[in-house]
Amino acid sequence: MPEMDLLLMMLGLLMVIGALAGVLAGLLGVGGGIVLVPAYFYAFQTLGYDGPQLMQMCLATSLATIIVTSLRSVMSHNKKGAVDWEILRGWGPGIVIGAILGMLVAASLRSTTLQGIFGVLALVIGLYMGFGRAEWRLGQAMPKGLGRVILSPAMGFLSVLMGIGGGSFGVPLMSLFNTPIHRAVATAAGFGVIIAVPSVIGFLFLPIEAAQRPPLTIGAVNLVAFAVTIAMTLITTPWGVKLAHAMDPKPLKRVFALFLTLVALNMLRKALGW
C-alpha cells in the first residue's frame, strides 16, 4: 500500500482538482473531464498503478463524475431558462450511440494509445479556445438531417475517448452554428449527462486486473477519486454558473487554453515515451 503521507497528498490534490473542475464546468462549459483525466493519470501513476489500462480508469472515473456535475450544472442553468431542450432532444440519440461506440473502442485500446488520442484532441481544443473567434460561423442554426446524423455520434464518440462531457466539443459546435454562448454552455451540460451515463455503465463491466487498479475500483471506475471529486464539484459548479452569467469569461478562457495546450503536449510526450 502507498505510504499514508502520499495518500494524503493525493487526497489534497484530488480535492483541489475537483474544486477547479466544478468551477470550469459551470463557467467555461469545457467540462471538468479535460482537467480530471490528466489529474487522475498523475495521481494513479504516482500511487503505483501504471498498468496498460491506466487511461481507461482515468476516462471512466472522469465520466462518472461528469454524470453528477453535468446534472447539477444543467439544473442550475435551467433555472435561468438557458437550456435549449429542443437541441438536446434532437441530438441526444446520436450522442448516445457515439458514446457507446466510444466506450467499446476505448476498452480495446492500450493506455498509451488513449494518451496519444487525448493529447491530440486536447491540443485541438486548446488551440481553438486560444485562437477561435466568437464571430466564426458555419451556419445560422444547428444542423438537422444528415449533418446531425454525422455530428451527434461523432461528438459522443470523441468525448468518451477523452473522458470528457459535452462542453469541449458541444460549446464550440453550437457557437459555430449561431447559438448564444450562455445557451450553448447550458445545453452542453445536458450533452455531458447523455455522454457519460451509457459509457459509464459499460466501463463498470470492464475487467481490470486487481494488481493494476486502486482499492475500491468497480470495473474501471475508482470510487475514491469519484467521491472526493464529486464532494468538491457539488460545491463549486454553481459558483461557476453564477460567474458565467455575471462576467465575460474570455480572458480566463485564454489562460486556460494555454494551460490545456501544455497538458496536451505533456500527454503526447508520455504517449511517445519521451
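View 1. Thr187 lies in helix H8; helices (H or I, at least four residues) and strands (E, at least two) are DSSP runs numbered from the N terminus. Apart from neighbours within four places in sequence, Thr187 is in contact with Ala82, Val83, Asp84, Ile87, Leu88 and Met174, where contact means heavy atoms within 4.5 Å. Residues are numbered from 1 along each chain as its sequence is written. In this predicted model, local features need pLDDT of at least 70, side-chain atom pairs count only at pLDDT 80 or more, and totals for chains, interfaces and linings use all residues, while side-chain values use heavy atoms, with hydrogens and water left out.

**View 2. Helix H7 and its packing partners.** Asn178, which follows H7, has a positive phi near 70°.

**View 3. The largest nonpolar core.** This core has 71 residues; a nonpolar core is a set of buried Ala, Val, Leu, Ile, Met, Phe, Trp, Tyr and Cys residues joined through side-chain atoms within 4.5 Å. Its largest share, 11 residues, comes from helix H8 (residues 181–203). Ile34, Leu63, Trp91, Ile125, Met162, Phe191 and Phe203 have the most contacts inside the core. Not counting residues up to four places away in sequence, Ile34 touches Phe118, Ala122, Ile125, Met162, Ile164, Ser168, Phe256 and Leu260.

**View 4. The pairing of helices H5 and H10.** The axes of H5 and H10 (residues 250–271) come within 8 Å and cross at roughly 155°; axes are lines fitted to C-alpha atoms, for helices over the stretch in contact, and angles run from 0 to 180 degrees between N-to-C directions. H5 and H10 are therefore roughly antiparallel (over 145 degrees; under 35 is roughly parallel, 65 to 115 roughly perpendicular, and the rest oblique). The residues of their contact divide into 15 nonpolar, seven polar and three charged; Ala, Val, Leu, Ile, Met, Phe, Trp, Tyr, Cys and Pro count as nonpolar, Asp, Glu, Lys and Arg as charged, and the others, Gly among them, as polar.

Definitions and conventions
Buried < 20%, exposed > 50% of the residue type's maximum accessible area, 1.4 Å probe, protein only.
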